[in-house]
Amino acid sequence: HFIVPEDSYARIPTFNGQKGCVKICLCTKKGIEKCQQVPCSQMQSCWLVGKPIDHGSTFEMDCNTCNCFAGEITCTKKHCEPTTVNAVSRYRHTGLPCNCAPHHVPVCGSNGNTYPNSCLAKCAGLSDVDLKFGTCWSDDPCAGDHTCRSDERCVPTRQVCLSMLKKSCVQYKCVSEKTSCEDAAKGVVCDTDDVEHLNLCHLLRSGKTLAYNGPCLVSLQQ
């Protein structure tokens, strides 16, 4: 059994007699729904320089780690140092993905992830329009445009979205100030005083500030 966070997508195997078949489903308040079948993986081998590589195997190529999945090879993007090294090339070689410079100028991606600099963010597949300067935790998602109604309260709920199936990676939740907390979405949350609440509604009605979703972690100082 696996726990899937609400409003997240999960890949679930389908048992239709053929291996490598999965469906993508959305976890909602009602359970797993809105499933969509995706093409079955053939689990076929990959070919590299005339040699077969088994499906699911991992191997090294130069300084990068590669994986064979369903006949397709994917590798990390580390910039390998040239075999013929001189002083200039050694100076220019950083060893980071896409040979990005080791500069620390954090940017926040639209997927909710903070990157050390824009070069590394773009190397991960993001574009200029997907980036904001500064860390994601320093950005208040409720300060700008949001979709909460006048009778709802905007509460930052930061997350990192791994799936590109979502059109947007929303960093806040709209909590009704009129609805009973018993009818609100379930899910234990922890406030900044390390006190647990049954859900986000109960936390807000108590006048507390959300620290993170889930049970409060045990302090190492206790």
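1. Helices and strands here are DSSP runs, a helix having at least four residues and a strand at least two, numbered from the N terminus. On that basis, Asp-194 falls in the loop between S14 and S15. Asp-194 is not a glycine, yet its phi is positive, at about 60 degrees. Please bear in mind that this is a predicted model.

2. Strand S14 covers residues 189-191 and is joined to S16 by 3 bridges, the two running antiparallel. Within that pairing, Cys-190 has Tyr-212 of S16 as its bridge partner.

3. Next, the core. Which residues make up the largest nonpolar core? There are 9: Val-155, Val-175, Cys-181, Val-189, Leu-200, Cys-201, Leu-203, Leu-204 and Leu-210. Helix H3 (residues 200-205) supplies the largest share of this core, with 4 residues. In soluble globular proteins, nonpolar side chains tend to be buried together.

4. Val-175 deserves a look of its own. This core member touches Val-155, Leu-200, Cys-201 and Leu-204, and also Asp-151, Glu-152 and Arg-153. That list leaves out residues up to four places away in sequence.

5. Now the largest pocket. Its volume is about 1300 Å³. The elements that give two or more residues to its lining are strand S1 (9-13), strand S2 (22-28), strand S13 (172-176) and H3. S13 gives the most, with 5 residues.

6. What lies nearest the centre of the largest pocket? Of the 43 lining residues, those are Glu-6, Asp-7, Thr-157, Gln-159 and Lys-173. By class, the lining has 20 nonpolar, 13 polar and 10 charged residues.

7. One more backbone point, at Asn-99. Its phi is near 55 degrees, a positive value in a residue other than glycine. Asn-99 sits in the loop between helix H1 (87-92) and strand S9 (107-109). Is Asn-99 buried, exposed or partly exposed? Asn-99 counts as partly exposed, because its relative accessibility is 22%, and buried would require under 20%.

Definitions and conventions:
Residues numbered from 1 in each chain as written. Predicted model: local features only at pLDDT ≥ 70, side-chain atom pairs only at ≥ 80, totals over all residues. Heavy atoms only, no water. Pairing = 2+ DSSP bridges. Core = buried A, V, L, I, M, F, W, Y, C linked by side-chain atoms within 4.5 Å. Buried < 20%, exposed > 50% of the residue type's maximum accessible area, 1.4 Å probe, protein only. Contact = heavy atoms within 4.5 Å. 1 Å grid on protein atoms, 1.4 Å probe; cavity = no way out; pocket = protein on both sides within 12 Å on 5 of 7 lines; lining within 4 Å. Points joined across faces, edges and corners; volume = space filled by probe spheres on them. Nonpolar A, V, L, I, M, F, W, Y, C, P; charged D, E, K, R; others polar.
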